[in-house]
Amino acid sequence: MSKKIFYCNRINTLNEECPHAQAILVSDGRIEFIGTREALSRYIYIYISSKLKKLI
């Protein structure tokens, strides 16, 4: 599984619900997350935490 994160001060998304973003997470060629840098950090933390809980 390949994941890439793109950061910029202002990304135009062409999405009416979220017209501008600061970060985009792309997973296997599909957009998984669009939002602020802080929101992406929380998203990644939750994702990693859920993966670690499955290992325990």
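Predicted model: local features only at pLDDT ≥ 70, side-chain atom pairs only at ≥ 80, totals over all residues.

Biologist: In what order do the strands of the open sheet stand?

Modeller: E1 and E3 stand at the edges, each with a single partner strand, so one side of each is left without a neighbour in the sheet. From one strand to the next the twist averages 20 degrees. The open sheet has three strands with antiparallel pairing, and their order is E1-E2-E3.

Biologist: Which residue in E2 is the bridge partner of Lys 3?

Modeller: E1 and E2 run antiparallel and are joined by seven bridges. For Lys 3, the bridge partner in E2 is Ser 27.

Biologist: At what angle to E1 does helix H1 run?

Modeller: Helix H1 is made up of residues 37-55. It lies across E1, E2 and E3, and its angle to E1 is about 160 degrees.

Biologist: Is Leu 14 buried or exposed?

Modeller: Leu 14 sits in the loop between strand E1 (3-12) and strand E2 (20-27), and its phi is near 65 degrees, a positive value in a residue other than glycine. Most residues other than glycine have a negative phi. Because the cut-off for exposed is over 50% and the relative accessible area of Leu 14 is 86%, Leu 14 is exposed.

Biologist: What is the phi of Asp 28 near?

Modeller: Asp 28 belongs to the loop between E2 and strand E3 (30-35), and with 52% relative accessibility it counts as exposed. Its phi is positive, in a residue other than glycine, and is near 50 degrees.

Key:
Residues numbered from 1 in each chain as written. Heavy atoms only, no water. Helix = DSSP H or I, 4+ residues; strand = E, 2+ residues; numbered from the N terminus. Buried < 20%, exposed > 50% of the residue type's maximum accessible area, 1.4 Å probe, protein only. Pairing = 2+ DSSP bridges. Axes fitted to C-alpha atoms, helices over the stretch in contact; angles between N-to-C directions. Contact = heavy atoms within 4.5 Å.
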